[in-house]
Amino acid sequence: DPEMVKAGEKVFRKCKACHQVGDGAKNRVGPILNGVVDAPAGAVEDFKYSKALKAAADGGLVWSEEALGEFLRDPKGFLKGTKMSFGGLRKDSDVAEVIAYLRATAE
Ligand code: HEM
């Protein structure tokens, strides 16, 4: 839904302090997020993840919409020890829209 994607691009402003996405994206404070929806966690080359995220990745965590939604609502609640210092998205619509945006970046 192009409207969802457009709204998600606005929500993504909250992520841009730390993340890049799209052509030419580079790792910054956080890893690039190209194609992250439905991808295994902790899989970006050359990014130094926290021990917590590496352990979750070793345990088979995949960023399904459901897992990603929980993480984005409450990063440290979902993944104790993560170094993603972000308070979380409060609105269900923001979560759905930013996931739609991230999904679109993989196409
Ligand atoms: C990790 C998304 C905001 C810093 C991640 C991951 C996702 C994500 C999906 C896991 C990536 C992977 O497994 O490869 C988002 C979204 C945001 C957001 C959608 C906005 C809604 C932020 C902000 C910061 C940040 C504002 C910095 C203050 C990080 C860091 C990691 C990370 C450092 C690595 C975590 C670790 O190794 O424990 N983010 N993020 N993120 N993010 Fe964010």
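Author: In this predicted model, a residue is called buried when its relative accessible area is under 20%, and exposed when that value is over 50%.

Reader: Why is S50 called buried?

Author: The relative accessible area of S50 is 10%. The cut-off for buried is under 20%, and S50 is therefore buried.

Reader: Where does S50 lie, and what does its side chain reach?

Author: S50 belongs to the loop between α1 (2–11) and α2 (51–58). Its side chain reaches the backbone nitrogen of L53 at 3.0 Å. Leaving aside residues up to four places away in sequence, S50 touches G81, T82 and K83.

Reader: What makes D92 count as exposed?

Author: D92, a residue of helix α5, has a relative accessibility of 53%. Exposed requires over 50%, so D92 counts as exposed. Its C-alpha atom is separated by 8.5 Å from that of R73, 19 residues apart along the chain.

Reader: Which protein atoms are donors of the iron atom of the ligand?

Author: The protein donors are NE2 of H19 and SD of M84, lying 1.9 to 2.1 Å from the iron atom. H19 is in the loop between α1 and α2, and M84 is in the loop between α4 (75–78) and α5 (92–104), so the pair ties together parts that are 65 residues apart in sequence. Both residues are buried.

Reader: What makes the arrangement around the iron atom octahedral?

Author: Six donors count as octahedral if opposite donors are over 155 degrees apart and all others between 65 and 115. The six donor atoms here subtend angles of 85 to 179 degrees, and the arrangement is therefore octahedral. Ideal angles for six octahedral donors are 90 or 180 degrees.

Note on methods
Residues numbered from 1 in each chain as written. Predicted model: local features only at pLDDT ≥ 70, side-chain atom pairs only at ≥ 80, totals over all residues. Heavy atoms only, no water. Helix = DSSP H or I, 4+ residues; strand = E, 2+ residues; numbered from the N terminus. Buried < 20%, exposed > 50% of the residue type's maximum accessible area, 1.4 Å probe, protein only. Polar contact = N/O pair within 3.5 Å; in protein donor to acceptor, adjacent residues only side chain to side chain. Contact = heavy atoms within 4.5 Å. Donors = N, O, S within 2.8 Å, 3.2 Å for Na, K, Ca; no water. Tetrahedral: all angles 85-135°; square planar, octahedral: opposite > 155°, others 65-115°.
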